[in-house]
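Colleague: I'd like a close look at the aromatic side chains in this model and what surrounds them. Please take me through that part step by step.

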Amino acid sequence: MAPEQAGARAGIMTGDDGISRRGWAMIASGALVIMVVVVFARLAYGFILPFMRAALGLSYQQAGTLGTASALGYLVLIMVAGMAAARWGGRAAVLCGVAMTAAGFGGLALASDYRVLMGLMALLGFGTAFSYTPVISLLAGWFPQRRGAVIGIANSGVGLGLLITGALVPYLNTALGENGWRMAWALFAATALMALTAAFFLLRNPASSGAAGKHRVDKARVFRDRHVITVGLLYGIVGITYIVQAVFMYSFALEAGLSALTAGKLAAASGILSIFASPCWGWLSDRYGRPAVLRICVSLTLVATLIPVIWPVLGGFAAHFLVVGCTLSGMFSAILAASTETVAPHEAPLAVSFVTLFYAVGQFAGPAAAGLLIEHAGGFRAAFAATCMVLAAGVVLTLRLGRRQARP
């Protein structure tokens, strides 16, 4: 490592395991970016959906298609974003992505035409593609020995965002009536501008990425890596099940008789748990291995999703939101950390984007398929029973991942 690169790294790290104030500021700005581009741009739609659907007269199938538009935008650009980040650095990609989400939020606060809404939801997907995986690989590059814990801390932004969204959206609907959902999008736009400012001043590319252009990124080797492919397949399953839960579980709770305030409080409690669970799972994955953590998290998420299918009452939904709050962030942290373990540091953005491509495909298929099941094949219980079967396949994949990691 060149002296200037070593100096830059020393400014972030205070020792083999210590993190300086500058390092913590970078992680915090990454968490803010993740909150904006993952929660506000993707997951918050599930909370806004009941009020937005009622105000605009959308069917559940149309609502699911809007979610699919966002997922399609994510899918179309995820590999482009990964290659761009590998070539020019994650910071530039993150700034571009957050700017796109800010524009999308502003448009959604004003638009009513269904075709315009489709375009704006796709723009949110573009923004997430250019922001999430680059910021993850950027942080992993700065802290390679603690990547699980650092990614877990950054992913706490998901829990914080869910807490804010679960409390904010029902409140705005109560206070402002049919315009409450528009104010939610407007507040998301303001927060995205804050994240853009923080990323501009605080995020820096890892020292090793300064020479990324001097190293050839072996795309074929990354794409053929059996460990990376297995991680990607598992991430695809997480994509399907997570987005269906995020988009429709809140509506399922409302249809089952819970009030919007009660369902919002449960979602907020899930977010609170996720804030603390994410770094804990990341630390555990650093210490005990990604396969063991993934096996536990996927199995518990399967149980949590099955509970309201069997028992669609307050207690069932409470159990679901609380368990999911403890496990979903663990899956994200462990999967993203695992995706970078068998590739060179300068190839990490491409590996993260490649496994996220599977996730994006899952998110693309999930909302539309779930919307069809809800409309035509048994309602919410049928949709979530199907996600349980998909999660069962995920449990099997975690066993396969463990066997492959154990090979020399």
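Modeller: Start with the cluster made up of Tyr74, Tyr235, Tyr242, Phe332 and Tyr359, which are joined by ring pairs (rings of Phe, Tyr and Trp, the last by its six-membered ring, pair if their centres lie within 6.5 Å). Bear in mind that this is a predicted model, where local features need pLDDT of at least 70 and side-chain atom pairs count only at pLDDT 80 or more, while totals for chains, interfaces and linings use all residues. Residues are numbered from 1 along each chain as its sequence is written, and side-chain values use heavy atoms, leaving out hydrogens and water.

Thr356 belongs to helix α15, residues 348–376 (helices are DSSP runs of H or I, at least four residues, numbered from the N terminus). Thr356 has 0% relative accessibility, so it counts as buried (under 20% relative accessible area, with a 1.4 Å probe and protein chains only).

Across the whole model there are 17 aromatic pairs. One of them is Phe40 with Phe188, a stacked pair with 4.2 Å from centre to centre and 10° between the planes (stacked means planes under 30 degrees apart). That pair ties together distant parts of the chain: Phe40 comes from helix α2 (residues 21–43) and Phe188 from helix α9 (residues 180–202), 148 residues apart. Both Phe40 and Phe188 are buried.

The charged end of Arg91 sits over the ring of Phe200, 5.1 Å from the ring centre (the rule asks for NZ of Lys or CZ of Arg within 6 Å of the ring centre and within 35 degrees of the ring normal).

Thr398 lies in helix α16, residues 380–406, and it is buried because its relative accessible area is 0%. Ignoring residues up to four places away in sequence, Thr398 touches Leu234, Pro291, Leu294, Arg295 and Val298. Leu254 is another matter: its C-alpha atom is 33 Å from that of Thr398, and the two residues are 144 apart along the chain.

Conventions: Helix = DSSP H or I, 4+ residues; strand = E, 2+ residues; numbered from the N terminus. Buried < 20%, exposed > 50% of the residue type's maximum accessible area, 1.4 Å probe, protein only. Phe/Tyr/Trp six-rings, centres within 6.5 Å; stacked < 30°, edge-to-face > 60°. Contact = heavy atoms within 4.5 Å.
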